[in-house]
Amino acid sequence: MVKGLYTAYTGMMNEQNRMDVLSNNLANSSTTGYKKEGSVAQAFSDQLAIKIKDHSEADIPRGLGVINQGVKIGETYTDYSSGPFQVTDIDSNLAVAGDGFFAIAFTDRNGNTSVKYTRDGEFTVNSDGYLVTSDGNHVLNQTGAMNSDPSEANWVRIDPLSKYTIDSQRNIWQNDTNIGNVGLVDFADRNYLSRYGENAYDLVAGGTVQNATGTIEQGTLEDSNVNVVDEMINLISVSRAYEAGQKMIQAEDETLQMAVSDVGRVS
């Protein structure tokens, strides 16, 4: 009977985790280049229930069968599928068609600079001619992206006073001259990517950087791949499952109260 409380509790905890993931997806449904997350669940390992004080067979525990302890929260995964494109006609706006990530020299609040990766190509050219993110972090060229080197020598720089184009192969052209390129990389195993925050990813130990197969679309941005209608439907489903767990706990509580106050009462 008490096991029913644990079963309902673990189910509610799993639905709460799903709710957190779905809520985050909905909150970022309009975030450029955002990749939605999903969650999975698994059952706790079955346990064999053993009879106690059963002497029908000496020193041989007899099994009653297997019991399950409810649901276990599994991993949270990221869906890296492409989102829809929107044309902005802003030269510094870039979108990745296919597989690949931009590399940026990210500086944290403590002044430490490291390489982060993003699909958010809403860049601008600052007064010094550097291609930067909306937070002011510098976009790296192919050398810096492949070598994970955020040094200034690998920052993408453009003459802000002259017209420029960026072709699909990442090359930057100005006055009919190739003045550099925009870094675009992918990873041998994306399981080594972790969300850093601020719409960026971090490559954890063991991850391998490789050249990307995707191309660049100039004057375009990639929208989030979150389908708001699907997420809302899933949110309603999660809410109802959570409520079912609450009702189960209430029913178990009423049964326990009856067992204690009525069945266990000595007349």
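Predicted model: local features only at pLDDT ≥ 70, side-chain atom pairs only at ≥ 80, totals over all residues.

Among contacts in the chain between residues at least 6 apart in sequence, what percentage join residues at least 24 apart? The answer is 68%, where a contact means heavy atoms within 4.5 Å. Residues are numbered from 1 along each chain as its sequence is written, and side-chain values use heavy atoms, with hydrogens and water left out.

The chain has 3 helices and 20 strands, these being DSSP runs numbered from the N terminus, with helices (H or I) of at least four residues and strands (E) of at least two. Of its 267 residues, 34% count as buried, that is, under 20% relative accessible area, whereas exposed is over 50% and partly exposed lies in between, with a 1.4 Å probe and protein chains only.

Asparagine 137 sits in the loop between β10 (131-132) and β11 (138-139), and asparagine 137 counts as buried because its relative accessible area is 8%. Leaving aside residues up to four places away in sequence, asparagine 137 touches Ala105, Phe106, Thr107, Leu131 and Val132. A polar atom of the asparagine 137 side chain is 3.2 Å from the backbone nitrogen of threonine 107.

Finally, isoleucine 73 belongs to strand β4 (residues 71-78), and isoleucine 73 counts as partly exposed because its relative accessibility is 36%.

Notes:
Polar contact = N/O pair within 3.5 Å; in protein donor to acceptor, adjacent residues only side chain to side chain.
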